[in-house]
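Dear colleague,

I am writing to hand over a structure for your review. Please find it below, followed by a short account of what was found in it.

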Amino acid sequence: MTGLSTILILVGLFLVGGIISFVKQKMPTSLIVLLSIGAAMCLVAGVLRLEVWN
């Protein structure tokens, strides 16, 4: 596991926590969708950068 993949996964998990918080606060749906896309991109990029795929 490289440092960048770890950082991307941690940022993605942080954004998932933000999504949960925004849903509880009843924030606008468009903001939640935008945050969800960012979290998904971070998590997918972090997982794809893992060295287990080589």
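Leu4 has a relative accessibility of 42%, and it therefore counts as partly exposed, since a residue is called buried under 20% and exposed over 50%. Please bear in mind that this is a predicted model. Leu4 belongs to helix H1, which covers residues 3–24. Together with Ile7 and Val11, Leu4 makes a nonpolar surface patch of about 250 Å². For the chain as a whole, the exposed surface comes to about 3900 Å², of which carbon and sulfur atoms supply 77%.

Turning to the interior, 22% of the 54 residues in the chain are buried. The largest nonpolar core consists of six residues, namely Leu15, Ile19, Ile32, Leu35, Ala39 and Cys42. Two elements, H1 and helix H2 (29–48), each give two or more residues to this core, and H2 gives the most, with four residues. Leu35 is in contact with Leu15, Gly18, Ile19 and Phe22, if its neighbours within four places in sequence are left aside.

As to the overall form, the chain has two helices and zero strands. The C-alpha atoms fill a box of roughly 40 × 15 × 10 Å along the principal axes. The radius of gyration of the chain is 13 Å, whereas a compact globule of 54 residues would have one near 10 Å. Among the contacts in the chain with a separation of 6 or more, 64% are between residues 24 or more positions apart.

With kind regards

Technical notes. Residues are numbered from 1 along each chain as its sequence is written. This is a predicted model: local features need pLDDT of at least 70, side-chain atom pairs count only at pLDDT 80 or more; totals for chains, interfaces and linings use all residues. Side-chain values use heavy atoms; hydrogens and water are left out. The radius of gyration is taken over C-alpha atoms; the globule rule is 2.2 Å times the number of residues to the power 0.38. Buried means under 20% relative accessible area, exposed over 50%, partly exposed in between (1.4 Å probe, protein chains only). Contact means heavy atoms within 4.5 Å. Accessible areas come from the Shrake-Rupley method with a 1.4 Å probe; for residues, only the protein chains shown count as cover. Patches are made of residues with over 30% relative accessible area and no salt bridge: like charges are joined within 9 Å, nonpolar side chains (Val, Leu, Ile, Met, Phe, Trp, Tyr) within 5 Å. A salt bridge is a side-chain nitrogen of Lys or Arg within 4 Å of a carboxyl oxygen of Asp or Glu. A nonpolar core is a set of buried Ala, Val, Leu, Ile, Met, Phe, Trp, Tyr and Cys residues joined through side-chain atoms within 4.5 Å.
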